[in-house]
Amino acid sequence: MRLATIGRMFSYRHAFHAGNHADVLKHTVLIATLQHLLQKDAALTVLDTHAGAGLYRLDGDYASTSAESADGILRLVPPAAPAALAPALQDYVDMVRAFNQGEATRVYPGSPFIAQRLLRAQDRLKLFELHPTDARALAGNVAQLDAGRQVAVLAQDGFEGARQFLPPPSRRALVLCDPSYEIKSDYARVQDMLQDALKRFATGVYAVWYPIIPRPEAHELPRRLKTLAQKAGKSWLHATLTVKSGKTAPAGTAPGRRPGLPASGMFLINPPFTLDAALRAALPQMAELLAQDRHAAWTLEGGAP
Ligand SMILES: C[S@@+](CC[C@H](N)C(=O)[O-])C[C@H]1O[C@@H](n2cnc3c(N)ncnc32)[C@H](O)[C@@H]1O
């Protein structure tokens, strides 16, 4: 791999974005999905192909550089907390609050810590993180959990690494695929991984996050995943959350500064049958509470085999 590619790949740090509107969508879906899967006693394996550092400080140097959480999770917790939230959104807020003591929300759990908190003794969590700094931070954070063999941190490529665990011994798995998409090839790699994963383990639950940005690959990814699911005869669910127009920079944005991510989506193959209703109640609230301009919106569509 050329050095330039490595440099570009490692420029993404999730700490800048922790708790933003994309995390609200992604982690609400993750929690609702896990809650359903954990109703059965049989062991579940969770593969997090792009794990990040696991835990973030919202008042730390990285997060406050962009303060994206101010327009994300911090709009949903005290003192801003709205009166009544849809159950899936309330479960998400409760999860984040469980990592915080007192009134302020200073700590934000990433997908590894959200999943680990919900898992039972018989379940397994495999965390892939390629960035050396984040992989070290993740390993350090996970070590404090004293979770023993339940949680494994693998400083490897998650697209490749996840395959070796499919199918899992218990034949029950959730694969969360949450790349940073800084490299254009990530879009194709998501599709390749899912195609291969469905061949290895057709009944797994697959959840992919992607950014909605003016880039052909980003636009095509959900269409391609839909085709993939339909060809494999699998059910699918596709949720999107838009918080602002992708065209205009918000008032006060310095000239030349990137306006920030306007929207993102979650695409699931073999989603829990309860997820559609849970998101149909939560998404309108997310769009309303996280709106940055009048273009805020949500969509939810799905298909049966
Ligand atoms: C969007 S962040 C993950 C956030 C995390 N899933 C969460 O919800 O808290 C993407 C992460 O993937 C890492 N990464 C990039 N390419 C990777 C690869 N090929 N395999 C594993 N991790 C990768 C980045 O270093 C970054 O930490």
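**Loops, helices and spaces in a predicted model**

Pro79 sits in the loop between helix 3 (61-66) and helix 4 (87-97). Pro167 belongs to the loop between helix 7 (158-161) and strand 6. As background, most peptide bonds are trans, and most residues other than glycine have a negative phi.

The loop between helix 7 and strand 6 also holds Arg171. Phi of Arg171 is near 60°, a positive value in a residue other than glycine. Arg171 counts as exposed because its relative accessibility is 54%, and the cut-off for exposed is over 50%. Asn270 has a positive phi too, near 55°, and is likewise a residue other than glycine. The place of Asn270 is the loop between strand 9 and helix 10. With a relative accessibility of 15%, Asn270 counts as buried, since buried means under 20%.

For the chain as a whole, the model contains 10 helices and 10 strands. The chain has 305 residues, of which 51% count as buried. Among contacts between residues at least 6 apart in sequence, 79% join residues at least 24 apart.

Six of its eight residues are buried, so helix 5 is largely enclosed by the rest of the structure. The buried residues of helix 5 are Ser111, Pro112, Phe113, Ile114, Ala115 and Gln116. Arg117 is also found in helix 5, but at 44% relative accessibility it counts as partly exposed. Leaving aside residues up to four places away in sequence, Arg117 touches Met95, Ala98 and Phe99. Arg117 and Leu145 are 28 residues apart along the chain, and their C-alpha atoms are separated by 9.7 Å.

Another pair of residues can be followed from helix 10 (residues 275-290), where Ala277 is found. Ala277 is exposed, with a relative accessible area of 53%. Between Ala277 and Leu300 there is a C-alpha to C-alpha distance of 10.0 Å, with the two residues 23 apart in sequence.

Turning to how helices pack, the axes of helix 8 (residues 185-200) and helix 9 (residues 216-231) come within 10 Å and cross at roughly 10°. The two helices are therefore roughly parallel to each other, as angles under 35 degrees count as roughly parallel. On the side of helix 8, the contact is made by Tyr187, Val190, Gln191, Leu194, Gln195 and Leu198. Helix 9 contributes Glu217, Ala218, Leu221, Arg224, Leu225 and Leu228. Sorted by class, this contact of helix 8 with helix 9 has eight nonpolar, two polar and two charged residues.

The remaining features concern empty space. Rolling a probe the size of a water molecule over the atoms shows where such space is left. A search of the whole structure finds one cavity of 30 Å³ or more. The largest cavity has a volume of about 30 Å³. Its lining is made up of Lys26, Val29, Leu30, Thr33, Leu174, Leu176, Ala207, Met266 and Leu268. Helix 2 (21-37), strand 6 (173-177) and strand 9 (263-269) are the elements that give two or more residues to this lining. Helix 2 gives the most, with four residues. By class, the lining of the largest cavity has seven nonpolar, one polar and one charged residues.

The second largest pocket holds about 270 Å³ of space. Its lining has 16 residues, and the closest to the centre of the pocket are His36, Leu37, Lys40, Arg172 and Val205. The residues of this lining divide into eight nonpolar, five polar and three charged.

How values were computed:
Residues are numbered from 1 along each chain as its sequence is written. This is a predicted model: local features need pLDDT of at least 70, side-chain atom pairs count only at pLDDT 80 or more; totals for chains, interfaces and linings use all residues. Side-chain values use heavy atoms; hydrogens and water are left out. On a 1 Å grid over the protein atoms alone, a cavity is a set of points where a 1.4 Å probe fits but cannot get out, and a pocket is an open set with protein on both sides within 12 Å along at least five of seven lines; lining residues have an atom within 4 Å of a point. Grid points are joined across faces, edges and corners, and a volume is the space filled by probe spheres set on the points. Ala, Val, Leu, Ile, Met, Phe, Trp, Tyr, Cys and Pro count as nonpolar, Asp, Glu, Lys and Arg as charged, and the others, Gly among them, as polar. Buried means under 20% relative accessible area, exposed over 50%, partly exposed in between (1.4 Å probe, protein chains only). Axes are lines fitted to C-alpha atoms, for helices over the stretch in contact, and angles run from 0 to 180 degrees between N-to-C directions. Angles under 35 degrees count as roughly parallel, over 145 as roughly antiparallel, 65 to 115 as roughly perpendicular and the rest as oblique. Contact means heavy atoms within 4.5 Å.
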